[in-house]
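Please look at the sequence and the model below, and keep both in view while you read the report that comes after them.

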Amino acid sequence: MQNTREENGPLVQIMMLVIYAILGMIVFSIIGFGLVYLQYGGSILTDMAWLSSGEAYYIAAQRILLSTQQIGLFLVPALLLAKTEGQKTNVFYGFKKPKIELLLLVVVLMICAVPLLELVTRFNKNMVFPESLKGVELWMKNAEDQAMKTTLALLKMENIGVFIINIGMIALLPAIAEELMFRGGLQRAFGRMFSNPHVAIWFSAFIFSAIHMQFYGFIPRLLLGATFGYLYFWSGSLWYAMFGHFVNNAYAVCAAWYMQKNNIPLSEADKTLNIAWYGYIISAILTFLLFRYFKTKTE
């Protein structure tokens, strides 16, 4: 029988998530480096420069570490929280069976939002800091360039097998792990803490964006986090947030696959879309209307 004892307070739950995340990160980092050691030998642990090198030889090692990081930092803490509260995961977080028409609506919503997110991304990347913060700006740009180098290396796919691995590692695993942690764990706890659900949604989205440590993509990722938060809040089911997250990430992997198959450099993916000004307005209007429609259908 499902245990119906009273839950711990939201602040206690957030503290448990943090503790579980720290422990999970330590344990699964050890597991990750152990797997890397078995594959590459002990020499790989003596010089850690490969972590940021983007060299093709070490891409498998980076995939292992990124996957174990997702599991230890996000997935395990969320699962342990439900276990600690004595409830089944599907009941604790809300996994009502999704409706096909609403899943399709999420796909259309994510597609229509692409131009709007591209505009926000361009605005974010063109941010200029005051002279007194030029040192911070330089550090952020260097971190962003390093992250981009690693991302491009991970997105190089020689065959269909690597493509499938990337779909699992870049799209499926983060969609499950991050949504359980940020929407299921944090947003749920913040929702109990604050009387205003919008505060819970945006606060969780802020943490979701900040923890990725990619500053020139902070605003679009914040908006994506809020999007997933509202899908979860309105529907009461985490499936829609997970699916939206998966669609967003899978689109990037599929776009990279298409570009490589057509001999288009991956660096071109970062270029601005050639859309007329009214295209962004249409994107914003359609995104808003689809949001309203999703809310109405789930209510």
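Predicted model: local features only at pLDDT ≥ 70, side-chain atom pairs only at ≥ 80, totals over all residues.

Residues are numbered from 1 along each chain as its sequence is written, and side-chain values use heavy atoms, with hydrogens and water left out.

**Two helices**

Helices are DSSP runs of H or I with at least four residues, numbered from the N terminus, and the expected span of a helix is 1.5 Å times one less than its number of residues.

| Helix | Residues | Number of residues | End-to-end C-alpha distance | Expected span |
|---|---|---|---|---|
| α7 | 160-193 | 34 residues | 46 Å | 50 Å |

The N-terminal end of α7 is capped by N159, whose side-chain oxygen lies 3.0 Å from the backbone nitrogen of G161. At the start of α8, a side-chain oxygen of N196 comes to within 2.9 Å of the backbone nitrogen of H198.

In α8, the residues A200, I201, S204, A205, F208 and S209 are buried, a word that means under 20% relative accessible area, whereas exposed means over 50% and partly exposed lies in between (1.4 Å probe, protein chains only). Seen down the axis of α8, its buried residues fall within an arc of 160°, so they line one face of the helix; the arc is that of the directions from the helix axis to the C-beta atoms. Their cover includes α7, α9 and α10, with contact meaning heavy atoms within 4.5 Å.

**The nonpolar cores**

A nonpolar core is a set of buried Ala, Val, Leu, Ile, Met, Phe, Trp, Tyr and Cys residues joined through side-chain atoms within 4.5 Å. The largest has 50 residues, and those with the most contacts inside it include Y93, L180 and L238; helix α9 gives the most to this core, with 8 residues. Apart from it lies another core of 11 residues, among them V162, F163, A171 and L266.

**A loop residue**

In the loop between α10 and α11 is N263, which has a positive phi of about 55° although it is not a glycine. Most residues other than glycine have a negative phi. N263 is exposed, with a relative accessible area of 71%.

Note on methods. Polar contact = N/O pair within 3.5 Å; in protein donor to acceptor, adjacent residues only side chain to side chain.
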